[in-house]
Amino acid sequence: MADAIFPFEDRRDFADAERGLLATLEPATVRDDDGTVVWDNDSYTSFLTGDGPDSVHRSLWRQSSLVAKQGLFEVVPGIYQVRGLDLSNVTFVEGADGVIVIDPLLSVETARAALELYRSQRGKRPVTAVIYTHSHADHFGGVKGVVAQEEVDAGRVPVIAPLGFMEHAISENVYAGTAMARRAGYMYGAALARGPRGGVGAGLGQTTSTGTVSLIPPTVDITRSGQEMTVDGVRMVFQLAPNSEAPAEMHFLFPEQRALCIAENATHTLHNVLTLRGALVRDPHAWARYLTEAIETFAAGADVVFASHHWPTWGADNVVEFLRLQRDLYAYQHDQTVRLINKGRTGAEIGEELTLPPALTRAWHTHGYYGSISHNVKAIYQRYMGWYDGNPARLWQHPPQEAARRYVDFMGGADTVVEKAQRSADEGDLRWAAQVLDHVVFAEPEYKEARALLADVLEKLGFGCENGTWRNSYLSGARELREGGFGTPTVSNSPDVLAQLPPEMFFDALAVQVNGPQAWDLELALRWVFPDHGSDFRTTLVNGVFTYVRAGSGDVSLTVTVPRPALVPLASGNVDAARAAGLSLDGDEGTLRQLLGALDPGDPNFNIIEP
Ligand SMILES: [Zn+2]
C-alpha cells in the first residue's frame with residue numbers, strides 16, 4: 001500500500017473534540033456496586049499528552065489523545081453528548097417534559113454515571129424515551145442505568161429501535177459468542193497494561209467498560225425510511241440502514257435542531273467490514289448507498305452531524321464533505337476490490353495493492369484506526385468469493401500445526417529458522433519474521449527462544465501500527481507468548497441478554513453445543529412449553545442433531561415447562577437452579593439430563609497464538 005497522508009497541520013479535530021465542553025467527570029472512574037472499577041479514563045489521559053513516544057504510531061497517538069477526551073458536551077442547544085465514559089457515546093436530547101436518551105453505552109454503571117453528569121449541568125430531567133441506533137451491545141447494554149424495566153412496562157417510556165433489532169442484538173452474542181469474546185480480548189487489548197508500551201486505545205473508543213450489560217426490548221420499531229415520530233415534543237425523521245455497520249441500524253434527523261444522528265455509519269475512522277474478533281461480513285456496498293441516501297435526504301436540513309462514537313462535525317458544508325468522504329471510503333474499497341477480483345487477484349493481493357485516493361487520506365477520519373484497508377479488502381473478497389482462492393494447490397493444505405512441522409523440517413530445523421528470523425527482524429522485515437516464527441511456535445510450542453523472538457517481533461509490529469485493534473492484537477499475542485493465556489477478560493452474553501432469548505434461538509443455541517460424536521447413538525424426544533411466549537415445541541435429538549418443530553406431534557418421554565426466569569439457568573445447563581426459578585418436568589426426567597449431558601459448551605480459554 002502506498003504511503004498514507006498524515007496532515008498533522010490540520011488541527012480542526014482538536015477544536016471539534018473540545019467544542020461545547022460543559023463538565024468533566026472527576027475522577028473519571030466508574031465503579032460497580034462492589035466497588036470494582038469498570039471504567040477508568042484517567043488511566044489514558046495520564047499519559048496521552050504531547051507528541052508521543054516511539055512505541056506508538058504518531059497517528060494513533062493523535063487519535064487516542066482525541067478519543068480519550070471525556071465529559072459532557074453541547075452539540076447544539078438542546079442536544080448533549082457524554083463522551084469518553086465508555087467505548088461509545090450517549091446522546092441526550094431535551095424535550096418538553098424531560099430528556100430522550102440515544103444509545104445508553106455498554107454498561108449500566110457507565111450509563112448511570114453519564115446521566116448523572118448530564119443532570120448535574122442540565123437539571124434533573126426525567127428520561128422520556130430511549131432510542132437504540134443499532135444492535136451492538138455498546139449501544140444498549142447500559143439501558144437499565146437510565147430507565148427501569150417497570151417504567152417501560154408501564155408505557156411511560158418508549159424504547160425505539162430499528163426493525164430486526166432484538167434478533168440481531170441477541171444472535172450476535174449467542175451462537176459464536178464464546179469465540180468472539182475470546183478474540184475480542186485480543187482486539188480491544190483488555191488484558192494489556194495501559195501505557196505507551198501497552199494499550200493506548202482501540203481507535204473507535206478507548207476500550208470497553210466492564211460493568212453490567214443489560215437489555216430492555218424495544219417497544220417501538222422503526223420499519224421504513226421516511227417514518228416520522230414526535231416524542232416528548234421532539235420531531236424525528238428516520239432512515240433505515242440495515243446490513244451496514246450493523247445488521248439492524250438507522251439514521252435520523254432532528255429537523256427543528258437541524259442535527260443529524262448518523263448512528264455508527266460515519267465516524268472519525270475507517271470502520272470494519274469485518275471486525276477482527278470475527279462476525280458475519282458486512283455489506284460496504286449497502287453502507288455506501290445509505291450514506292448517499294442520507295446526504296440526499298438529510299444534509300440540506302442539518303448544520304451538524306453526530307454519531308455514537310467520536311465527536312460531531314459542525315457546519316453545513318463540513319457535514320456534506322464529511323459524509324461524502326465517508327461514503328466514498330466504503331464505496332471505493334468495495335468497487336475497487338470487486339474490480340480486482342475480476343482480474344484474478346486474491347484478497348491478500350488486493351489488500352497489499354489497494355490505495356485510497358489522496359483526497360481521501362488527506363482527511364483524518366478516513367484513516368484506519370479501527371478498520372483497515374488490509375483486512376476490509378480481504379473481507380470483501382470473502383463476501384463475494386469465500387475462503388477458497390480457486391488455486392487447487394491451496395485447496396487441501398495441511399492445517400497449521402501439521403504444515404508448521406513440515407515447514408520447519410524443510411527449512412532446516414527450529415534453530416536455523418529462529419536464527420534466520422532474527423536476521424530478518426534485524427533487517428526490518430518483521431512481517432516475514434512473524435510468519436516463519438509462527439511455524440516454529442506451532443511445530444515446537446515449548447521452544448523458548450522461538451516464543452521470545454516471536455513476542456518481540458509482534459511487539460515491534462504493534463508499536464508501528466496506526467490501527468488500534470491491530471496494535472492491541474499484536475501486543476496481546478506477545479503477552480500470551482510471554483506470560484501465558486489471559487482467557488476472556490470481557491464476557492458479552494449477559495444474563496439480561498440471555499433472558500430475552502426467544503424459544504427458537506434458545507434451541508439454536510443448544511443445537512450448536514451438542515457434542516456430535518457423543519450423541520451419535522442418542523434418540524431423545526421432548527416437549528417444551530413456554531408459558532410466557534404462549535408456544536410449545538417438540539424437539540428431537542437424533543444422529544447428533546437437535547431439531548425443533550413448533551406444536552410438533554409425536555411421542556415424547558418428557559414435557560418441560562420453562563417460565564422466562566428459568567431460561568437463563570437452563571441455558572447454562574443448571575437444572576437445579578432452573579427448577580428453583582420455576583422449571584417443571586413431567587415424565588422421564590432422565591431425558592433432560594441426557595440432553596444436557598450431550599452438550600459441550602465453548603471454551604473461553606482456547607489457544608490462539610500457539611497450538
Ligand atoms: Zn459502537
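Is His-139 buried or exposed? With a relative accessibility of 0%, His-139 counts as buried (buried is under 20% relative accessible area, exposed over 50%, and partly exposed in between, using a 1.4 Å probe and protein chains only).

## Basis of the report

This is a predicted model, in which local features need pLDDT of at least 70 and side-chain atom pairs count only at pLDDT 80 or more, while totals for chains, interfaces and linings use all residues. Residues are numbered from 1 along each chain as its sequence is written, and side-chain values use heavy atoms, with hydrogens and water left out.

Distant parts of the chain are linked by the pair His-139 and Glu-264, which are 125 residues apart. His-139 sits in the loop between strand 8 (127-131) and helix 5 (149-153), and Glu-264 in the loop between strand 14 (259-261) and helix 8 (284-298). Helices (H or I, at least four residues) and strands (E, at least two) are DSSP runs, numbered from the N terminus. Glu-264 also counts as buried, at 2% relative accessibility.

## Backbone features in loops

Most residues other than glycine have a negative phi, and most peptide bonds are trans. Leu-105 is not a glycine, yet has a positive phi of about 60°. Leu-105 lies in the loop between strand 7 (99-102) and helix 4 (108-122) and is buried, at 1% relative accessibility. Ala-551 has a positive phi too, near 50°. Its loop runs between strand 19 (545-550) and strand 20 (558-561), and Ala-551 is exposed, with a relative accessible area of 54%.

A cis peptide bond, with omega of about -15°, joins Glu-26 and Pro-27. Pro-27 is in the loop between strand 1 (21-23) and strand 2 (29-31).

## Helix 6

Helix 6 (residues 165-174) is mostly covered, with seven of its 10 residues buried. Among them are Phe-165, Met-166, Ile-170 and Val-174. The cover over the buried residues of helix 6 includes strand 9 (159-162), helix 7 (177-187), helix 18 (495-499) and helix 19 (503-511), where contact means heavy atoms within 4.5 Å.

## The second largest pocket

The second largest pocket holds about 720 Å³ of space. Of the 27 residues that line this pocket, Thr-178, Asn-493, Gln-513, Pro-601 and Gly-602 are the closest to its centre. A pocket is an open set of points on a 1 Å grid over the protein atoms alone, where a 1.4 Å probe fits, with protein on both sides within 12 Å along at least five of seven lines; lining residues have an atom within 4 Å of a point. Grid points are joined across faces, edges and corners, and the volume is the space filled by probe spheres set on the points.

Helix 7 gives the largest share of this lining, four residues.
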